Amino acid sequence: MRKPLLAALLCLTVTATGCGATVESSPDAKSAAVTLTNCGREVTYDEVPERVVTNDVGITELMFALDLEDRMAGYAMPDDKGDLRGVPWKDGYDKVAWLSKDQLTKENVLDARADLVLAGWNYGFREDSGFTPDALEKLGIPSYVLTESCRNGRSKTARGIMPPLDALYTDLTNLGRLFGVEERAAALIAGFRKTIADVRAKAPAGADRPSVFLYDSGRDTPFTAGRYAAPEQIITEAGGVNVMHDVADSWTTVGWESVVRRDPDVIVICDYGDVSAEQKEEFLLSHAALRDVSAVRHRRIISLDYADLVESPRNPSAIARLGVYLRGVPGDSR
């Protein structure tokens, strides 16, 4: 599914420095401590990490986009997260050890002699297995929590504390400070903002904005994206309206009746896992409850990769590609 267009779009966002170029050197491990705000609390890192381990594709590519492969000891990632050959940071995957095709554990973190774990709630951190920032702290291993996944206090599991693109920029800025590559982080963010602004300038406005439902998975109940998950702003900036904007969570489960009631004009499929995008589309088109939904009646269904739709440096290119699709949705056919 990965196409050369993805690499080209992402390279456009970093023209100030060149795609994959090193902007500045990281400081040595004896540099002064850095205090960052992560998920609403201040966290102090006593030294610059030299053996970072990451969990999942989007988080791993945050490090790659900042040219920090040399600061990594490895990553964990299932092998169902799409074709990695066309990404601008392919060299990072070639250079850094693939520790696990499942998730990080205390054991593989210790085996890697990690001095920082970069993960998120439901992106590696999980209470059921005891793999949490608190548990790692007891082992003397610092952590950083992906901002998209910060728990927001509305329930025991609700996540998200800020608009998704702000979360992306926050993490790039924080990692830039921690590793002494602030200029690289700023250049990435500026490029991303320009890419998104260019899409926004061409996007439908007002009543012409198509409504969009993000379908991740699930047959009995769909797993989708509320207003704190990356698809919220991917859809919005591309010129659409997320039909689950009122859900104060990131990734979560809703009922099919709520999808039918909101009658989306377009469905975006999150492509990953054992069930292919084609199989997901076939299910949506054949699901009796959805037969009167506009997106199904008009067969307006598009797939984006998992790494496009979670917090990652691929978000701006996903906005650009979805923007092209949404501009082709006729307003008078909804």
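**Entry 1: Arg71 and Glu50**

I looked up Arg71 and found its side chain joined to that of Glu50 in a salt bridge, 3.8 Å from N to O. I used this term for a side-chain nitrogen of Lys or Arg within 4 Å of a carboxyl oxygen of Asp or Glu. Arg71 belongs to the loop between α2 (57-65) and β4, while Glu50 belongs to the loop between β2 (41-45) and β3 (52-55), so the pair ties together parts that are 21 residues apart in sequence. Helices (H or I, at least four residues) and strands (E, at least two) are DSSP runs numbered from the N terminus.

I noted that this is a predicted model in which local features need pLDDT of at least 70 and side-chain atom pairs count only at pLDDT 80 or more, whereas totals for chains, interfaces and linings use all residues. Residues are numbered from 1 along each chain as its sequence is written, and side-chain values use heavy atoms, with hydrogens and water left out.

Glu50, at 43% relative accessibility, is partly exposed. Buried means under 20% relative accessible area, exposed over 50%, and partly exposed in between (1.4 Å probe, protein chains only).

**Entry 2: further salt bridges**

I recorded 9 salt bridges in the structure. One of them joins the side chains of Arg184 and Asp67, at 3.8 Å from N to O. This pair links distant parts of the chain, with Arg184 in helix α7 (residues 182-202) and Asp67 in the loop between α2 and β4, 117 residues apart. I found both Arg184 and Asp67 to be buried.

I then turned to Arg200, which forms a salt bridge with Glu237; their closest N and O atoms are 2.8 Å apart. Arg200 is in helix α7 and Glu237 in helix α8 (residues 230-238), so this pair ties together parts that are 37 residues apart in sequence. Arg200 is partly exposed at 44% relative accessibility, and Glu237 is buried at 12%.

**Entry 3: aromatic rings**

How many aromatic pairs does the structure hold? I noted 11. Rings of Phe, Tyr and Trp (its six-membered ring) pair if their centres lie within 6.5 Å; planes under 30 degrees apart count as stacked, over 60 as edge-to-face and the rest as tilted. Tyr75 is in strand β4 (residues 72-76) and Tyr93 in helix α3 (residues 90-95), 18 residues apart. Tyr75 and Tyr93 are both buried.

Lys101 lies over the face of Trp98, 4.9 Å from the ring centre. The charged end of Arg151 sits over the ring of Trp121, at 3.6 Å from its centre.

**Entry 4: nonpolar cores**

A nonpolar core is a set of buried Ala, Val, Leu, Ile, Met, Phe, Trp, Tyr and Cys residues joined through side-chain atoms within 4.5 Å. Which residues touch the most other members of the largest core? I found Phe179 and Leu322, in a core of 65 residues. Helix α6 (residues 164-179) gives the largest share of this core, 7 residues. Contact means heavy atoms within 4.5 Å. Leaving aside neighbours within four places in sequence, Leu322 is in contact with Ile234, Ile235, Ala238, Val268, Ile302 and Leu304. Another core, of 18 residues, lies apart from it and has Val247, Ile267, Ile269 and Val293 among its members.

**Entry 5: helix α10**

In helix α10 (residues 277-286), I found Ala277, Lys280, Phe283 and Leu284 buried. They cover an arc of only 120° around the axis (taken from the directions from the helix axis to the C-beta atoms), which puts them on the same side of α10. An α-helix has 3.6 residues a turn, so residues three or four places apart point the same way. The face turned away from the buried side of α10 carries the exposed residues Glu278, Glu282 and Ser286. The cover over the buried residues of α10 includes β9, α9 (256-262), β13 (266-271), α11 (294-297) and β14 (301-305).

How values were computed:
Lys NZ or Arg CZ within 6 Å of the ring centre and 35° of its normal.
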